[in-house]
Amino acid sequence: MSAARQDGVAARRRVAEAARIVVKVGSSSLTTAAGGLDADRVDALVDVLAKHRSGGEKEIVLVSSGAIAAGLTPLGLRRRPRDLARQQAAASIGQGLLVARYTASLARYGVRVGQVLLTSDDMSRRAHHRNASRTLDKLLAMGALPVVNENDTVATDEIRFGDNDRLAALVAHLVRADLLVLLSDVDGVYDGDPSKPGTSRIAEVGGPADLDGIEIGSAGKAGVGTGGMVTKVEAARIAAAAGIPVVLTSAIHAADALAGRDTGTYFHPTGKRSADRLLWLQHASTPQGALTLDDGAVRAVVERRKSLLPAGIASVEGEFIAGDPVELRDSTGRAVARGLVNFDAKEIPQLIGRSTRELARELGPLYEREVVHRDDLVILHP
């Protein structure tokens, strides 16, 4: 057996042995062409998940799209609305229908459902992140199956994940999953348009270079979701970079994927696990402003991994409050890092270029601190 073949077999064995698994399913795999929930499709997915976790040796977290799509028909909408307000209205109707369907279907196996709705803002703030992690861990420990979705009903453009593929990758890291399975209406990544002859499925991806020169489709078939193959590949890269293997395949091959059979595209882990919140900060936060640093501060933050002090700030942009994510830029305007700021935007101008000791004497002890602490900072360009 060739070395490549042995690696492939070993990889699929790791998939089959995964104990904690995050499964993401897209809207197109759960709904009818008209936009309503397809009970048979939901039941088919639940059958696979329930059987795979039977015996208590496996734990599964389901990241499920479909709330907005499920709400279209009840609201008399023919297609997914573009404006945020109507999307939120559809999500409000559809989320209840979606969870009710899962609850009824999983009840056939005596499995309880726990609903968890998240926004990216929940995950970048320390206390919210810790609470989400604790809730998911407790649900799994108590034998429930968490169903996670973006909180579309209240999420604004500024605090949205944008697609549930990325959400699934981040949830997989949050719960320390052994495997991420991305299910859609396409059975893997292809080296061309899968609808055209002569293209073939890419069975394994060892790293980003393996997909160089391959055109990845950007739209789904059904038109009820927000993502396409581009978002799935990006989610797979995020998870793989965080040390989590990924299988990307179609929903009809879910059982084969979980069993470690040769289906879909397997993404090998390419990195190690990092601090949970920093992954969310890098991939799920939207900067609310920017701080431009002098050259010394850039070296301190990027090369020496130090906190950002007021003395190293050259200018400030945007309107933000303490706790918001902001970009840290060099003198050319390039974003070199992202972090959670400790001061409101209106406070920053009086801090620029000054030492913390000087600020403490003039303004009080609350100003003797970092503008962005190194524990709340992620490097974008080393």
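How many bridges join S2 to S4, and do the two strands run parallel or antiparallel? In this predicted model, 2 bridges join S2 to S4, and these strands run parallel. The protein comprises 12 helices and 13 strands, taken as DSSP runs (helices H or I of at least four residues, strands E of at least two) and numbered from the N terminus. Of its 382 residues, 51% count as buried, where buried means under 20% relative accessible area, exposed over 50% and partly exposed in between (1.4 Å probe, protein chains only).

**Basis of the values**
- Residues are numbered from 1 along each chain as its sequence is written, and side-chain values use heavy atoms, with hydrogens and water left out.
- Because the model is predicted, local features need pLDDT of at least 70 and side-chain atom pairs count only at pLDDT 80 or more, whereas totals for chains, interfaces and linings use all residues.

**Overall surface and contacts**
- The protein exposes about 17,200 Å², of which carbon and sulfur atoms supply 49%; the areas come from the Shrake-Rupley method with a 1.4 Å probe, and for residues only the protein chains shown count as cover.
- Among contacts (heavy atoms within 4.5 Å) between residues at least 6 apart in sequence, 72% join residues at least 24 apart.

**The sheet of 8 strands**
- An open sheet with mixed pairing has the strand order S3-S4-S2-S1-S5-S7-S8-S6; two strands pair if DSSP finds at least two bridges between them.
- Its edge strands are S3 (113–118) and S6 (204–205), each of which pairs on one side only.
- Helix H2 (residues 39–53) packs on the sheet and touches S1, S2 (59–64), S4 (145–150) and S5, with its direction at about 160° to that of S2; axes are lines fitted to C-alpha atoms, for helices over the stretch in contact, and angles run from 0 to 180 degrees between N-to-C directions.
- Helix H4 (residues 84–107) also packs on the sheet, where it touches S1, S2, S3 and S4, and its direction makes about 155° with that of S3.
- Strands S1 (residues 20–25) and S5 (residues 179–184) run parallel and are joined by 5 bridges, with Lys 24 opposite Leu 182 in S5.

**Strand S4 and its neighbours**
- S4 is largely enclosed by the rest of the structure, because 6 of its 6 residues are buried.
- Leu 145, Val 147 and Asn 149 point one way from S4, while Pro 146, Val 148 and Glu 150 point the other way.
- Val 63 has Val 148 in S4 as its bridge partner.
- S3 runs parallel to S4 through 6 bridges; Leu 118 has Glu 150 as its bridge partner, and Leu 117 stands opposite Asn 149.
- Gly 114, Val 116 and Leu 118 form the covered face of S3, and Val 113, Gln 115 and Leu 117 the uncovered one.

**Helix H7**
- H7 (residues 164–174) is mostly covered, with 10 of its 11 residues buried, including Leu 167, Leu 170, Val 171 and His 173.
- Just after H7, Arg 176 takes a positive phi of about 55°.

**Arg 354**
- Arg 354 is found in the loop between strand S12 (335–340) and helix H12 (356–363), and is buried with a relative accessible area of 16%.
- Not counting residues up to four places away in sequence, Arg 354 touches Pro 310, Ala 311, Leu 359 and Glu 362.
- The side chains of Arg 354 and Glu 358 are joined by a polar contact of 3.1 Å, meaning a pair of N or O atoms within 3.5 Å; within protein, one must be able to donate a hydrogen and the other to accept it, and residues adjacent in sequence count only if both atoms are side-chain atoms.
- Arg 354 and Gly 312 are 42 residues apart in sequence and 8.2 Å apart in space, C-alpha to C-alpha.
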